[in-house]
Every structure is written in C-alpha cells, then in structure tokens.
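Colleague: Please put the model up, and then I will ask about individual features.

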Amino acid sequence: MSEHDFLAIAPITTVAVFSLIVMLVDALVKKNTSLMQTLSVVGLLGGIGVAIWTLPKSLNGFNGLVAGGGMTNLFDILFCSAGILTVFLAKDYLERLGGHFNEFYTLLLMATSGAMLMAHATDFITLFVGVELMSICFYVLAGFLRRQVRSNEAAIKYFLLGAFASGFLLYGMALIYGTVGGTGYADVAANAATVEMPFIFWAGVALMIVGLAFKVAAFPFHQWAPDVYEGAPTVIAGFMSTAGKAAAFSAFIIFLNSVYGSGVEGTDRVQILLAVLAVGSMFIGNVTAIAQTNVKRMLAYSSVAHAGYMLIGLAAGSPDGSFGIIYYLIAYLFMQLGAFAIVGLLENEKGCNLTFDDYKGLSKRRPGLAMVMAIFMFSLTGIPPFAGFFGKYQLFKAAIGAEMTWLAICGVVASVISVWFYLGLVIAMFFRDSEEKQAEGGTLGGLSTAALAVAVVGTLVIGFLPQAIYDLLS
Amino acid sequence: MASTLLPFILLLPFVGFLLNGLLGKKIGSEKAIGTIGTAVVALPFVFAVVLFFEMLGAPPEGRTMHVTLLSWIAAGDFSVDFAYQLDQLSMIFLLIVTGVGSLIHLYSIGYMHGDRGFFRFFSYLNLFIFMMLNLVLADNFLVTFLGWEGVGLCSFLLIGFWYDREFEGTAIKWTGDAAKKAFVMNRIGDLGMLIGMFILFSQFGTLKYAEIASGLPGSMSAEMMTIATLCLFLGACGKSAQIPLSVWLPDAMAGPTPVSALIHAATMVTAGIFLVARNAALFSMSHTTMAIVAGVAVTTALIAATVGLVQNDIKKVLAYSTVSQLGFMFVALGVGAWTAAVFHVMTHAFFKALLFLGSGSVIHGMHEEQDMQKMGGLKKYMPQTYKTYVIGSLAIAGVIPFSGFFSKDEILASAFANGNAILWGVGALAAFCTAFYIFRSVFLAFHGEERFDHTHVHPHESPATMTIPLWILAVLATVGGFLGLPIVLGEHVHVLHNWLEPVFAQASANMHGHHLSHTLEWILMGVSLSIAILGIFLAYRMYVKRPELSDRFAGSFKGLYKLLWNKWYVDEVYEEAVVKPVWKASKSVLLKGVDKGIIDGTLHGLAKLTGEASNLFRKIQTGIAQQYVLVFMIGILVVIGWLVFGGG
C-alpha cells in the first residue's frame, strides 16, 4: 500500500470516518441534534475539500480496485453537495413529521460514501460494495418515517426489488469475470475483444446494464421509483433521485467506457439498446406523469424521464455524451432537490398536502415559495435561460454528434410533453384559487432557506452562465 | 484604463437598478433613493470623461478600444461575447447618455417628489441607462439588440408609469394603452432589425460590427445589400419614430416629463441614428437604401413639423418636434453626412432635453396643466424656466449662435450638396415650421394674458434641483454648436468632424461627396437664418401682437387646418388600411380557421391521445411488487436477447 492508494480514496474515507464519528457522538452525547448536523456538514465539506485537493491528480489505488482524481472527484463533489443540502433540509422536515432520529445523519453519510465508492470503482467488487452500501442505507432511509404505512411500504418494496436487481447485477459481473478472466474494468477493456464465448460476455453486459438501469430508474426497470419516492421522506426522495441517480450514472459511464474502449464487436447494439431505454424512459416517464395528481409522484415519474435524457448521453457513447451527463447531473441536482425541498416544506404532519389541488393559489399564500418552485419547474421543463435547458442542450448535441439525430428529436418531443405537468403545476400555483383553506405545512427555517437559496442560485447560474460551467468542467 | 473603467460605467446603473428596485421600498427616503439613482449615472459620466481625455491623448488611429467582459454563448463556430467597443462614435453617445442622463436624474428628484412610485421610477430609469449603454457600446449586433430590447422595455414601463391615469391620446384612453402602442410599434421595427441581422450573419458568419465592415462587400449582391440595410432601417424607424412607425412617439408623452426628456427626446429615440451611423460603411454600399432613408426622413420631418403647428398640449408640440428633428438626422444619414447626423444628435439632446424639462417645470408649476391655451403670462411667475426655455427655443429654431443653427445648417447644406434642391427645399420648409411652432409655444405659455383660473392655480418657480439642470442644459444648448463650426470658416474648425473622421472614413469613401462653393454655402447659411427669424417673427405677430389672427387664419384655411389638426389622418389611414383588415383576417381566417381548426384541432387531438396513454400507463402501475418483477423479467429477457442474438 502506498500513498497513492490512500489519496485515491481520501474523499470517501473522510465522509465514511465522519459517519462513524456521528454514530459515536450520538451514543455518547445527549441532546446533540445540532452537533450531529454540524458534524455531518463538516464531514461532507471535508469530502468536498479533499476531492478538490486531489482533483488534478490521476490516481489508481489498491491494485486497480479504485481510481481517483478528475471526473471521479467531480462526482464526489456532487454527492457531498447533495448531502449537505439534504442535511440542511432534514431538520425542519423530520421534526415536523415526527421522525427526527440521529441515525438519519449516519445513514445519510454512509449512503454518500457508498455513492462515492461507486464513482471511484474500477473493479466489479468495489462497485458492488459501493452499490450495496448506498442501497442498504437507502432502504432504511426510505422507511424512516416508521409510523407511516406508506413509508414502510416504500422501504419493503424498495428492498425487495433492489435485492432482485442487485442479484442480476452480481450475476452479470460473474459472467463477465468468467469470460474476460478478471474483475477489473481494465480486464474488460483488454480482453473483451478476444473472449472465447462472446454470448456469455454479452449476457453479462446485459445483466449489468439491467442492474444499473434499475438504479437510475430507467424504463422498463423504473416501476419501483414512484412508489418509493412517494412513500419515502421527501428530503430522502430528493437525495435518492439526485445523488443516487448520479452514482449509478457514474458507474454506468465508467463501465461502458471500458466496454466501448475494448474494441469488442457489437457495441453498436449496446448503443441502440441504450437509445431504446432512453426513449422508453422519456416517454413513459413524461406521459405517465401527466396523469398524476400527487406532486411527489409527478416528480418521481419525471425523474424517470430525466434518467431517459441522460441515457441519451450514454447511447451517444462519446466523451461529449459523458460530459453532457455530468453537466446535466449538476443542473438536475439543484432543480430536482430544490423541487423536492419545496414539496417537503409544504407537506403537513400527516404526510398530506401533496396534490395539485393543494398547490392551487400558492402564489397568494406563499409568493416566495411559489416563485422559487416555478423557477425549478421551468428549469426541469428545459426552458432557457434556466439550468435544465443547457443540460438538455449538451445531451442532445452529443446525440447529434453521434449521428443519432432521431434520438435528439425524441428528446425534444418528450420535453414538450413534460410542459403539460410542469407548467400545470405553475398554473395551479399562480392562476387557480384554492376552494378551501389549506393546512400550510411548515415554516421556512433558516437552514431550509439557505438550501433553497443555493438551489435557486445554482439553477440560475448554470442557466445564465453556461459558458463558465462549461469551462470549469473542461 | 478603459478595461478597468468600462465595467464600472456599464454596471453601476445596473447596481442602482437592483438597489432601488429591490430595496427601494425599504429605503423609503426619497433623498437616499434619488442620490443613489443619480450617483450611479453621474459616476459613470465622470469615468467617461476620464476615458474621453485618455482617448484624446491617443493618436486618431489608436482610439478604438475593445473590451470583452465575459463570454456569453459559444456554440460551434458561433459565439457571442459581452464585448464592447469604445471608439469616437460610441464615446459621444456615452457622454450624451450619462451626461444628459445624470442631469435628468437630478431633475427627477424634484419632479417626482411625493410620488408613491418614487423608487420604482428611479430603478426603471437606472435600468434604462444600463440598457442604453449596452446598446451604444456593444461591439456586435446581438449585444446592441439586447440593449435595444431593454430600452424598449424601459420605455414601455415608463410610458405606463402612471398606469392608473387616463390619457387623451389618438384612439387610446389610458397611459397603459400608450405604453402598449409604443411596444407594439417597436416590435414591427425589431422584426426588421432581426431579419437584417440574420441576413448579415448568413453572409458574413459574424455579428461583430468591425468584422462585417472589414468584410464588405463580401459575396453579397447589391440587391441583398439593399434588403439587409432596409431591414435594419425598418428597425431604426421603429425606435426613432420615422414614418410609417412614427405614431407611437406623440402618445408616449403619457409618461412623466423627465422620461419624455431622457428617453423620448435625448437618447433612446436616437438609437436608430446610432444603428445607421455605426453601420455607415454597410449603408453606404446601397444607394437605393440611402435614397429611401433620405426620402422617408424628409417626409417625416415636414409632416411632423406641420402637425406641431396646431398642437395645444405643450408636450405634444415637443413630441412632434422630436419626430421632426429625428427626421432631420436621418436626412443627414441619407445624404452621407454622417458627422452632421451625430452632431445634430448631440445638439438636439441638449436643447430638446432642455425644452422638455422646461415644459415639465411649467407643468409642475401649473399643477399638472399641459394645455397651453390655459396658460399665458407665466414669464413673471417662472423667470428661470422662461429664460432657459427661450434659449432652448432659439437653439431649435436655428438662430445664430445657438447650437441648433450649426447642426441644422450643416444638414441642410449637405442635403443641397449631395442630395438635391428638392430635399433642401422640403427641409427648409420644415425648419421654418419648426421656428414657428416652437415660438408659438413660447408666446402661448409665457406671454400674453393669463388664461388660467387664478382661484385654483398658483404658478410658482420650480425648486433648485430642477432649475440647475435647466441652466446647465441651457449653457450646453448655447455653446454646443461651436464643436461644429462651418468648414467655410477654416480647415480645422469643425472639431467634431475631425474627431469622427476615422470612424466614417470607409463609408465616406463609398459616397461621392460634392463640395459647395464658399459663396453658395454663405448664401445657404443666410437663407436658413432668415427662415428661422421669419418663423419667429410670424409667431410673434400671430400670438402676441394680434392674438385674433390665429383664429382668423384657422378660419380662412379650414381645410389645411383640419388636415393638420387630424395629423394628416395618419392614424385613420392606419385604422382603415392596417388595423381593421388585420383584425378581420385574424378573426375569420387565423382564429377560426387556422388556430381553432387546424392548430387547436391537432393539438387537442394529440393532447387527448397523450392523456389517454397516460391513464393507460398509470393503470400498469398497480402498486403490486410481484407485477413489477414480472415487467422487470420481461425487460431482462429482451435486453439479453438483443445483446446476445441481436447481431444475427
């Protein structure tokens, strides 16, 4: 073991160590909620700091089990930022819904370190450890409001289906290992073109794609997402649908790059498959979202569609495509987490006040929130000059660059469909009056305000200064 | 120095806009708001003066500076930056906008005193300055267009500033209608400008002024050049209120008077002249366009000046006068006298801002009365306002040595030399009307018997924040003309000409300039001075010596009077020729046929289909985990099948 090994995983270690510290402090110190929050934020900020520090390096550690530096660390920053925003939002929300236990922070930090491990993984074993670390924390977090039936249902369903998917993921890894003779991505890249039984290799790739498609909630493996997002605590749903999705995409990108880079015959089929999954996700997600009356479910279905948009980048199979995904994930982080944050704020003690009808006339009752929500909705729709537009622009550009113009067109059409429900919510908030007096959800605490402000500023900055973000990423 | 100061010049007004707009209500104090609002324009003016002297120190070839603030959009070969170009031309506009702008801000502190929208007013005004600076400092069409639309927005907001007041305009009843009228008219022009920009981009692959000018003529055919420049000119017509897009400006007087002075006289309406002057090299390539510009302009100048003869609202007089004077500027552009146009922009900014602020002072002192028939004899109540108003009037009428004489004379002389005698004749007639209507307003408002109701109206002089700007502008309106002394007096006396020469060198080379003999030039000068004095004299006879004459005059020339009173029936012609047919076609064909039938039919059909699909998909989502697994399994089989056997 060398210095390199530790530098490669340094951001993960930081967050993981803090998750343990949080657990210990919880056991030793009484009345410690704000201390827990501080420690969590410090840990996540530390993760960001270390990630920035090691960003310029190109690291390989533990005999090719993990990598570090560059794009990987960008993902670290993304996950930790999502974590910080979630911590900010969690207190108000959980206290109001009567589920404020300190384990929340330990689990959140562990899930974050799992996500980071997925991005760092360059080997099937590390990938699987990362996936499971993140997923198991998510299962628990989804059921965190343990007095609510919906939350319990979400946890169980997520666990059942997640275990099912993990099984296929693992089986896919095994098949690939059997053909290329190693568990590292490097082995795949080196040997895939010369395997003796290509159909076994491809079956393995197929199962890996299925497993990861489940994690990003892509069609037709998406059906868990609406049920889980609806039942899970809203702040967690926001975290799962941003950081969780981002983690799966990071693994997706690195894995597929090793397949594309191996020169094996048949990668065009992978591209077509991903394109079909993309189209299916975009259309099923957006079309089904139209029929939803519950805003949380609407956001869940729309997150399926957003997975579809990002799959376009994978289908393009080019550096531009990967770049587009990262760009989109950053934009998506702010707008999606922001939207979930507002949903969480308006949710009342019994977990109600979530339907479109409840949002009617919001602009009169809480003009600030309605305004901010409208920004997120516009951005999610992909209307310039907000972040979502430039994210989609990068992805569609990648598709056209890969001579898949039809895919970009499908993306545009799907975006048009999404106008229906995103702007439907804006119309409800601004142009409809509520018939009865609504229970109003929680007051806006200082931390929540900060989190919302960050989300809004992020959405606007990415939208107004796309070039700056572009240069930063390049 | 330029790269350090320019960002401040640009951004300070924007900061003022944000401060006043967002926090104005909290700040509350008019003093604080007014100080912030004025300072963020006055400081840039100081910086601009510093830059001006720096530029003066540089050799004439080295006076153009390019500053890129940040890159906006880059897509493939196409890129647009927030990039600015400070050269002799934009420097003049920069000085006018910030200089006259800060005086008008200062004046507004007094004028808007007590208005409940005080902070809103200053934030809009600051935003306007920001946008206007973008417009004139841009080094490419797109940033200019950004400013162009921005000033349009501010104009809309400020015309309708008193949105709840009634306003007697042409075919409109509310200030809001006047704002809408201005906005819509400008949209028509903007469409032209956009198309012009598209053509230029498709031909040159760039929107940068310098690159287009250096790439001329490129592969563009003469016809294409004419079309592109005419499209740009249409945009200029909208912004600068030239026929056929002129009717919005008189109604724009619904806004507060400082707005009329700043936006609808001194700065924004000259944006069209700026656009043409900035692209002088381009316009000079098409003689057809140049002829059309001159023709449209001289028609506008004359028609507007004649309508001004019969107006009773003091601001309306000045509004028609502005339209007419803008016509003069375009005449200069049309005959290739670029410098003369810019010269007149400058002098006009001084004397017209002065006249508007003077009229505002009168209106303020008369408790919001604008009808000159209900004034009279105000000279003794408002001596400061009176003196400065007369100075402004002498300047616009073109009496030597006031500034308007020199710029107007240069335009008329150029029209005679490079255009033809008819152009000169019509222009001279318009100049005569100008002298007449402006002194008619002087005599009606300040001389003669007091026709107002003494029990309700007690005229009073305005506060110092209002009279100081008046005096500063009066000085400028008096001496501003010396920057452009006629060439007959010597080779180098026309300072402005020498200053602007490098900017217009390329364009002037394309024009075949004719020079007048010195004798002819002296004669023309004498004629234009006589015209001005004749106009003033007639006005004096009719409105001071024998007030009954004007009624008798109106009686014996009933037809003409009616024509002028109804503004040459331009609005009526619009109503019949444009508004009604468009309305009918929209209602019967576009609304019922295209929109409701084809578009709505298709869209509603599609929407219904999507909605049904949505319900169907929703039913697939049963909530039962076993079924999800089933779908999952099918998915897996298909994926494996495709990847393993899909290759055949």
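**Backbone, helix packing and a pocket**

Colleague: Is A:Asn63 buried or exposed?
Modeller: Relative accessible area under 20% is buried, over 50% exposed and in between partly exposed, with a 1.4 Å probe and protein chains only. A:Asn63 has 84% relative accessibility, so A:Asn63 counts as exposed.

Colleague: Which pLDDT must side-chain atom pairs have to count?
Modeller: Residues are numbered from 1 along each chain as its sequence is written, and chains are lettered from A and ligands numbered from 1 in the order written. Side-chain values use heavy atoms, without hydrogens and water, and as this is a predicted model, totals for chains, interfaces and linings use all residues, local features need pLDDT of at least 70, and side-chain atom pairs need pLDDT 80 or more.

Colleague: What is phi of A:Asn63, and where is the residue?
Modeller: Phi is positive in this residue other than glycine, near 55 degrees. Helices (H or I, at least four residues) and strands (E, at least two) are DSSP runs numbered from the N terminus. A:Asn63 is in the loop of chain A between strand E1 (59-61) and strand E2 (66-68).

Colleague: At what angle do H6 and H9 of chain A pack?
Modeller: Axes are lines fitted to C-alpha atoms, for helices over the stretch in contact, and angles run from 0 to 180 degrees between N-to-C directions. The axes of H6 (residues 149-180) and H9 (residues 224-231) of chain A are 7 Å apart, at an angle of about 145 degrees.

Colleague: Which helix gives the most to the lining of the second largest pocket?
Modeller: On a 1 Å grid over the protein atoms alone, a pocket is an open set of points with protein on both sides within 12 Å along at least five of seven lines, and lining residues have an atom within 4 Å of a point. Of the 26 lining residues, those closest to the centre include B:Phe436 and B:Tyr543. Helices H18 (421-446), H21 (518-545), H22 (548-556) and H23 (558-565) of chain B each supply at least two. The most, six residues, come from H18(B).

Colleague: What is the volume of the second largest pocket?
Modeller: Grid points are joined across faces, edges and corners, and a volume is the space filled by probe spheres set on the points. For the second largest pocket this is about 800 Å³.

Definitions and conventions
On a 1 Å grid over the protein atoms alone, a cavity is a set of points where a 1.4 Å probe fits but cannot get out, and a pocket is an open set with protein on both sides within 12 Å along at least five of seven lines; lining residues have an atom within 4 Å of a point.
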